[in-house]
Amino acid sequence: MKDLVLYSTDHCTLCDAALDLLLSMPELGGCSVRVVDVAVDDALLQRYGERIPVLAAVKERVEFTGPFERGRLSAWLGDLQ
């Protein structure tokens, strides 16, 4: 099972759209997705604040940054297999 983290924050329309897209993708079957609010941690805010939303594959140590489009995201997820 892939462990994914979506770095996000409240009141971010791009983040909300990214999460909606993720939840609609059958390619995520068998993956766990955690949402982390970067605003609650200064280090995360500094690292991701300008780039959110960012999807990270924890074990593989790779990140997907926008734009969050189904085709690009699906290809990225396929590369993790």
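In this predicted model, Phe-64 has a relative accessibility of 4% and therefore counts as buried. The cut-off for that label is a relative accessible area under 20%. Phe-68, at 18%, is also buried. Ser-8, a residue of strand 1, has 7% relative accessibility and is buried as well. Arg-34 is another case: its relative accessible area of 45% makes it partly exposed.

| Residue | Relative accessible area | Class |
|---|---|---|
| Phe-64 | 4% | buried |
| Ser-8 | 7% | buried |
| Phe-68 | 18% | buried |
| Arg-34 | 45% | partly exposed |

Strands of a sheet pair through backbone hydrogen bonds, and the pairing is either parallel or antiparallel.

Strand 1 and strand 3 run antiparallel and are joined by four bridges. Along this pair, Leu-4 has Ala-57 of strand 3 as its bridge partner, and Tyr-7 stands opposite Val-54 in strand 3. Strand 3 and strand 4 are likewise antiparallel, with four bridges between them. Here Ala-56 has Glu-63 in strand 4 as its bridge partner. The hairpin made by strand 3 and strand 4 has four residues between the strands, and in it Arg-61 takes a positive phi near 55°.

Which residues of strand 3 point one way, and which the other way? Val-54 and Ala-56 point one way, Leu-55 and Ala-57 point the other way, and all are buried.

Arg-34 belongs to strand 2 (residues 32-37). Beyond its neighbours within four places in sequence, Arg-34 is in contact with Asp-3, Leu-4, Val-5, Leu-6 and Val-58. Ser-8, with residues up to four places away in sequence not counted, touches Cys-15, Val-35, Val-36, Asp-37, Val-38 and Ile-52.

**The helices against the sheet**

In helix 1 the buried residues are Cys-15, Ala-18, Leu-21 and Leu-22. Why are they on the same side of helix 1? They cover an arc of only 125° around the axis, which puts them on one side of the helix. These buried residues pack against strand 1, strand 3 and helix 3. The face turned away from the buried side carries the exposed residues Thr-13, Asp-20 and Leu-23.

In soluble globular proteins, nonpolar side chains tend to be buried together. The largest nonpolar core here has 16 residues, and the members touching the most others are Leu-4, Leu-55, Phe-68, Leu-73, Trp-76 and Leu-77. At least two residues of this core come from each of strand 1, helix 1 (13-23), strand 3 (54-57) and helix 3 (70-80). Helix 3 gives the largest share, four residues. Another core, of 10 residues, lies apart from the largest one and includes Val-36, Tyr-48, Val-54 and Ala-56.

Trp-76 is in contact with Leu-4, Leu-55, Ala-56, Ala-57, Val-62, Glu-63 and Phe-64, leaving aside neighbours within four places in sequence.

**Aromatic pairs**

A pair of aromatic rings is described by the distance of the centres and the angle of the planes. The model has three aromatic pairs, counting rings whose centres lie within 6.5 Å. The ring centres of Tyr-7 and Tyr-48 are 4.1 Å apart and the planes are at 10°, so this pair is stacked. The pair links distant parts of the chain, with Tyr-7 in strand 1 (residues 3-8) and Tyr-48 in helix 2 (residues 42-48), 41 residues apart. Both Tyr-7 and Tyr-48 are buried. For Phe-64 and Phe-68 the centres are 5.0 Å apart and the planes stand at 85°, so that pair is edge-to-face. Phe-64 and Phe-68 form one aromatic cluster together with Trp-76.

Technical notes. Residues numbered from 1 in each chain as written. Predicted model: local features only at pLDDT ≥ 70, side-chain atom pairs only at ≥ 80, totals over all residues. Heavy atoms only, no water. Phe/Tyr/Trp six-rings, centres within 6.5 Å; stacked < 30°, edge-to-face > 60°. Buried < 20%, exposed > 50% of the residue type's maximum accessible area, 1.4 Å probe, protein only. Contact = heavy atoms within 4.5 Å. Core = buried A, V, L, I, M, F, W, Y, C linked by side-chain atoms within 4.5 Å. Pairing = 2+ DSSP bridges. Arc of directions from axis to C-beta.
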